[in-house]
Amino acid sequence: MPQFPSEQLLTFATVLSEGTLDAAARRLHITPSAVSQRLKALEQSSGRVLLQRSNPAQATEAGEVVLRLARQVAQLEADAGVELGLGADGPQLAVPIVVNADSLAVWFLQALARVPGDLNITFDLHRDDEQHSTSMLRSGTVMAAVTATPDPVQGCRVESLGVMRYRAVAAPVFVDRWFADGVDGGRLNTAPVVDFDRKDTYQWAFVESWPGASKAQQKGPRHYVPASQDFGDAIRLGLGWGLIPEVQCGPDIADGRLIELAPARPFDVPLYWQRWKTASKVLDVVSSIVREVSAEYLRTP
């Protein structure tokens, strides 16, 4: 049975978090040579190549298994520190979580702000589309995720958070130009549209939801704006139409800065919280707060 000393596991996880051996050395207050020696010893113990020495460094398939172990060991150490009342003197845990951009902009930071300081944790947030975030759970890169996937990743538990409601909107000048004769699937498909990035399929799914549009091809020009605030600003400035979370665009609709294109057709995205099954006071507290805050911003399914 291979032995995995905690300092080697910590070093391995830090290299993957920081991206390079030099950056990990600075974070751990040791020399790059010591980092390299610990990684070499870990690979010898496992009998596998664990790290791709790229920039940034990436885990191999075997390395992903060891990364999950490293995260779990760090989690257990931090939990022990909390239960022993060590506070700032206990081991500090960096909790990696993947969150979609809209949740991050609308409500998720509010949740993190409510986490008690005596847990002695930091957050390592990753941003990815909610349709794709579970891949980071599988690889061990993160301990928890806000995701649109209801099926639990192996080794994780899942619970419903609620529904993020979106509204299809555009600037008044854009509506005058492109939708003067009304809105339907065909007109939406030929008008310029704003997508968050090339993973963002929501605008196209909204077009497909209209009668007669399900077999259409994407026709309109597409702008890609990969930041939640900038995405909304691009729509407000008239670059194209798009879907914005109701809580973000509601005031703009009310004062006329944005026009809702299809008031009877909201676009709802169910969101779920997936986290490791490993018993953890830290993850239990974070999960409870995420559940509490999401209920304040999301609709009931």
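**View 1. Glu159 and Arg291 form a salt bridge between their side chains.** Because Glu159 lies in strand 6 (residues 156-170) and Arg291 in helix 12, the pair ties together parts that are 132 residues apart in sequence. Helices (H or I, at least four residues) and strands (E, at least two) are DSSP runs, numbered from the N terminus. This is a predicted model: local features need pLDDT of at least 70, side-chain atom pairs count only at pLDDT 80 or more, and totals for chains, interfaces and linings use all residues. Residues are numbered from 1 along each chain as its sequence is written, and side-chain values use heavy atoms, with hydrogens and water left out.

**View 2. Arg114 and Glu296 form a salt bridge.** Their closest N and O atoms are 2.9 Å apart. Arg114 lies in the loop between helix 5 (101-113) and strand 4 (121-127), and Glu296 in helix 12, so the pair ties together parts that are 182 residues apart in sequence.

**View 3. Helix 12 has buried residues, among them Val282, Val286 and Val293.** Buried means under 20% relative accessible area, exposed over 50%, partly exposed in between (1.4 Å probe, protein chains only). The buried residues fall within an arc of 170 degrees (taken from the directions from the helix axis to the C-beta atoms), so they line one face of the helix.

**View 4. Phe108 touches Ile97, Val99, Ser103, Leu125, Val146, Trp273 and Val290, not counting residues up to four places away in sequence.** Contact means heavy atoms within 4.5 Å.

Key:
A salt bridge is a side-chain nitrogen of Lys or Arg within 4 Å of a carboxyl oxygen of Asp or Glu.
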